[in-house]
Amino acid sequence: MTSVEPAILAENLAKSYGQTRAVVDVSLRVDVGEAVGILGTNGAGKTTAVEMIAGLRVPDRGRVRVLGLDPRRDRARLRQVLGVQLQQAHLHNALRVTELLDLYRSFYPDPRSRDELLDLVDLTAQRRTIFEKLSGGQQQRLSIALALAGHPRVVILDELTTGLDPKARRRMWNTIEQLRSEGVTVLLVSHAMEEVERLCDRVALIDAGRIVALATPAGLVAQAGAATLDDAFVALTGKELEEAE
Amino acid sequence: MSVVVEARRPGARSLLTLIRCEAKMVARDTAGLIVPLGLPLLILFSSGFSASDHVVVNGRTALDVFVLPLVLTMVMAVIGIVNMPSFLAYYRRSGILRRLGVTPASPFMVLAAQAIVGILQAAIGIAIAVAVAFLAFGGNPPADTGTALGVVALAMAAMYAVGMIVAAVAPTPNSAVAIGLIAFFILGALGGMFGGRDGLPEPLAEIGGWLPFGATVDALSSAWAGTAVDGVHLLSLAGTVIVGTVVASLLFRWE
């Protein structure tokens, strides 16, 4: 792979569900090692856009490449280097934390160790706990650990810290910063301004299925002539982000 | 130009881990074990005493030739047609399959693990039923053990094939249980589960013999009696396997 080839390339993605146009036209380029955040209100099309990038949904139109691989055609190869944390954690509810970690680790040729993953998401004390007995925040942290199990080169994190308490949130941010120091590319869907400002090199504002602005956090603030990223979001989309989930 | 990533599917170690996890899920769902393991035993106890006295053919009693084939068929049918699709539908509804869909695990691997765990479950159910029949009621082994084992293997595959069709068409876990139970009772009723096919109208009895439940009961009955298994029954089971496999491969979905 050449240095100029992007980690993620999405061109003119569109997706409709019946009469509802979830994504109208999304194009995005994320360079290797870069962290890009996607901000948008509830129903703006964020999750549909990243799920097309992850290969979970087939675009009606447009093209996706992740590390140069087609998420549908090159599924087997891409799954080895792409880690995905879905918006809601759905796992085998009768399995213990360590059993789930071992299961997901077994899918990859060079997985992180079980102890490393437990430590990354601070679940060592809950290692023997059945999934359905974990709190919502603990389930979320386990889901993140599973996304990182295979030493991914690109991670897609949908609502990384939603539902986490402040301590766990800071812990996750540290984890993402550690991943970035290892050269991992991060695509982060969020509605937490502080999170994207801290973690992301650039931020895409998505509204009604289109990217309406894409720049560094400071660049967005300057572009909108606003004082904060919050204000910039309102100025550029005409909506309050608090409306988001 | 894309990165150099070798397409390495998860191997045997991964499949074994998945099988272990599926087995733990089944074992921890104790309610789901009651019907496939308990109901056949109930039938065995309710008919075992009278059936074990009446010799039918080749020294084999009614217990051997009629009751045991029915009981073993019920074990396989409940696990294949009711339990397996309800598990798969739950996985799909809850998003577990979707979550697995973003890992290198393939749908085939998930189905294979489910099938292997189901076979183990059926083997345990059959072993318990046969042990109870032998120890409590003086049951006899099949006159043709090899044929009996072959029929069990083919029948298990056929029951799973029916289960795969149920899993493919059922949109929700509840509907999977409902469709699975309806399929089980229809196939069972036509296959002689409620008092033998002799009591059914001739056309229904004929159809029942072609369907997997009745075909399994008749084929096992022949194996126990030491008479030749009717080719129609084997064809029926093999045909069910083919149809179920084709439907599953065409319609299986992560979501």
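**Note on chains A and B**

1. Start with α3(A): its buried residues (under 20% relative accessible area with a 1.4 Å probe, protein chains only; exposed is over 50%, partly exposed in between) are Val97(A), Thr98(A), Glu99(A), Leu100(A), Leu101(A), Leu103(A), Tyr104(A) and Arg105(A). That makes 8 of its 9 residues, so to speak a mostly covered helix. Helices here are DSSP runs of H or I, at least four residues, and strands are E runs of at least two, numbered from the N terminus.

2. A word on the model: it is predicted, local features need pLDDT of at least 70, side-chain atom pairs count only at pLDDT 80 or more, and totals for chains, interfaces and linings use all residues. Residues are numbered from 1 along each chain as its sequence is written, chains are lettered from A in the order in which they are written, and side-chain values use heavy atoms, with hydrogens and water left out.

3. What do the buried residues of α3(A) pack against? They meet α4 (114-120) and α5 of chain A, plus α1 (12-28) and α4 (96-101) of chain B.

4. Now the interface: 39 residues of chain A are in contact (heavy atoms within 4.5 Å) with 34 residues of chain B. Arg75(A), His92(A) and Phe107(A) supply 19% of the area that chain A buries against chain B, more than any other three residues. Buried area is the accessible area (1.4 Å probe) that two parts lose on being put together, summed over both.

5. Charges show up too, with 3 salt bridges between chain A and chain B. Glu51(A) and Arg98(B) form a salt bridge through their side chains (2.5 Å, N to O); the rule wants a Lys or Arg side-chain nitrogen within 4 Å of an Asp or Glu carboxyl oxygen.
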